[in-house]
Amino acid sequence: AASQLEVSMPAVVEVERGGTARIECNVYIPGNDSYTYIQWFYIERANRVQLCHVMGSEILEENTDYKGRLRVGQDNALSISRVTMQDARTFICQVEAGSHGTGENRTELRVYSKPHVEEGEAPLSPWGTPCSRCSLPLQIAQCLSRNSFPLPNITWYKNGEQLQPEEKKVKILATVTRESSGLYTVGSTLFARVTREDRSSLYHCTVHYWLRGQRRAVESRRVNVTVFYPAQHVKLQVVPSSALVKEGDNVKLVCEADGNPAPVFSFYKREMNDSWQDLSSLADSNSGVLNLHDVRKSSSGLYRCQTLDLDDMRQLEKDVELVVNYIEGVHVKMEPSSPLQEGDSVRLSCDAHSPVALDYQWRDEKGKKVGEGNQLFLSNLTFETASNFSCKVMAPSVPGLEQSKEVAVAVQGKPRIVAISSPLYVRQDEVVNLTCKAIAFPRPSLHWNVNGTAHEYVENQHIASNLTVRVNHDLLRAGAMCRVFNALGASEKHIQLLDQKTPESKGVIIVAIIVCILVVAVLGSVIYFLHKKGKIPCGRAGKQDITKPEARKDKIVVEVKSDKLSEEAGLLQGANGEKRPAADQVGQSVGHCP
């Protein structure tokens, strides 16, 4: 066990600027006696400066620089809040313990500040940005670390690899400034030679510093520098692809060069005499785009793009062939070409010219597809099948490239009446509509042989007429006649008018006949039934005169006579079932029926 007063403190305490530093002061007094007071000092220029005096629970601050920032805990630890760089000192804890004497110890307070990193791209060089043909390294970027402590270190990287100074290739210039706050500001500037390949290189700096006894690092953002270099290759292309260009399209000729900045572009087109037409006035010389609007067949040809490097006046050029696809000369031929009659046949042939393969399609005037191929055969023509047919010519390899040509297939002939309202049941003095519809080409005329109000309608090759008339005796007797004619002939049809009473009378007679037939059928059935029951004897013994009054009322006597004796001879039989001559059967009563 220790026999004297002991004061123990950590040798070093580290804290970040702005934080709170806690400096412990552990006291051992033999016999567990209590101390009289504790005093805190700090060293400034080799002199002690009293910080505070602690006696019991009372704390007396002696230094105004720390006023409001000090606190001493029950464990005698000193806490300093809002630490600044000036607080980086040595602090002394002194303990007075009466008969045990006085003891003290000290702690070095170290204050760290995390650097704030700033980076900046290089100012413009005489070329605007670093050039690939400059012999000396050019400034690439700057890196700045502010308000750090202790002194940090800055390193440079290109595409993740650290750069080291190298004669005529890499140069790093560093500056160090100690601020009044005690913090350091460190700057670093990177100089390097660049090539065309560095156009996509990424540069960054890393600031290395110490904090709490550990090495830390802060990286800047990655920066890319614009490198100037001459063009080595030029490319000229048609947009959209030349294989898909058709008449009426808008086309772009895009010229690109791999130099930076982009060179000046010029455009030309080769003429028939091998001379070159300057099209630069139609192009954007800076962007390298030549716009061709509503191209025609004549727009096809060889185009050239030229570039001029203003640095070394070197010229590059590239050619491209523009093919404008087209369809022309669409022609439809009809065989035979003479006027067609109903029942004839015709062949339609379609032809066109194009630099690409063509497909043919036939459609009627309603747009319905009726055939494929460059020929269409129509047989057994009628007025109804006559129509305007169109030949649609398409280029499958060039979407949207198509043309159409129409041809009229006209069938001539005298009119043909296709519909008429006959027969027509009417009543006397009734107002009725008589209808007549015909078809023909050339367009026919339609006449009625009776007077009335006519309404005529024409649709394609059809003509229709509705005649409104009042029914009289003459019209009912003679009917009406519809006559349709053109230059090739005439057709006519009669409309029969029937009085509605006529069918009613016929109906009554028919009903009466049907009723009579039913009565006869019922009567025959009754006679047959009575005979089967034996109510009516048919033999000789049962022969009776139906004129006798004493005949029973419940018996029915039927006498059958016939002029056709030969037929009855084979049908009538005697009571004993034997066949008898017809002469013997005449005048006899009906015998037993088989």
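**Disulfides and strands**

Tutor: Cys255 and Cys305 form a disulfide, with 1.9 Å between their sulfur atoms. Keep in mind that the model is predicted.

Student: Where do Cys255 and Cys305 sit in the chain?

Tutor: Cys255 is in strand S22 (residues 251-257) and Cys305 is in strand S27. They are 50 residues apart, and the pair links distant parts of the chain.

Student: Which hand does the link of Cys255 and Cys305 have?

Tutor: Left-handed, with -85° about the S-S bond.

Student: And Cys305, buried or exposed?

Tutor: Cys305 counts as buried because its relative accessibility is 0%. Cys255 is buried too, with a relative accessible area of 2%.

Student: How many disulfides does the structure hold?

Tutor: Five. One of them joins Cys350 and Cys391, whose sulfur atoms are 2.0 Å apart. Cys350 lies in strand S31 (residues 346-353) and Cys391 in strand S35 (residues 387-394), so the pair ties together parts that are 41 residues apart in sequence. That link is left-handed, with -95° about the S-S bond.

Student: What about Cys436 and Cys482?

Tutor: They form a disulfide as well, with the sulfur atoms 2.0 Å apart. Cys436 is in strand S39 (residues 431-441) and Cys482 in strand S43 (residues 480-486), so this pair ties together parts that are 46 residues apart in sequence. Both cysteines are buried.

Student: How many bridges join S23 to S24?

Tutor: Three, and S23 and strand S24 (residues 276-278) run antiparallel. Lys269 has Gln277 in S24 as its bridge partner. The hairpin of S23 and S24 has five residues between the strands, and Asp274 there takes a positive phi near 70°.

Student: New topic. Which residues form a nonpolar patch on the surface?

Tutor: Ile510, Ile514 and Leu518, with about 290 Å² of accessible area together. Leu518 belongs to helix H2 (residues 501-532).

Student: Why does Leu518 count as exposed?

Tutor: Because its relative accessibility is 53%, and exposed means over 50%.

Note on methods. Residues are numbered from 1 along each chain as its sequence is written. This is a predicted model: local features need pLDDT of at least 70, side-chain atom pairs count only at pLDDT 80 or more; totals for chains, interfaces and linings use all residues. Side-chain values use heavy atoms; hydrogens and water are left out. Patches are made of residues with over 30% relative accessible area and no salt bridge: like charges are joined within 9 Å, nonpolar side chains (Val, Leu, Ile, Met, Phe, Trp, Tyr) within 5 Å. Accessible areas come from the Shrake-Rupley method with a 1.4 Å probe; for residues, only the protein chains shown count as cover. A salt bridge is a side-chain nitrogen of Lys or Arg within 4 Å of a carboxyl oxygen of Asp or Glu. Helices (H or I, at least four residues) and strands (E, at least two) are DSSP runs, numbered from the N terminus. Buried means under 20% relative accessible area, exposed over 50%, partly exposed in between (1.4 Å probe, protein chains only). Two strands pair if DSSP finds at least two bridges between them. A disulfide is a pair of cysteine sulfur atoms within 2.5 Å.
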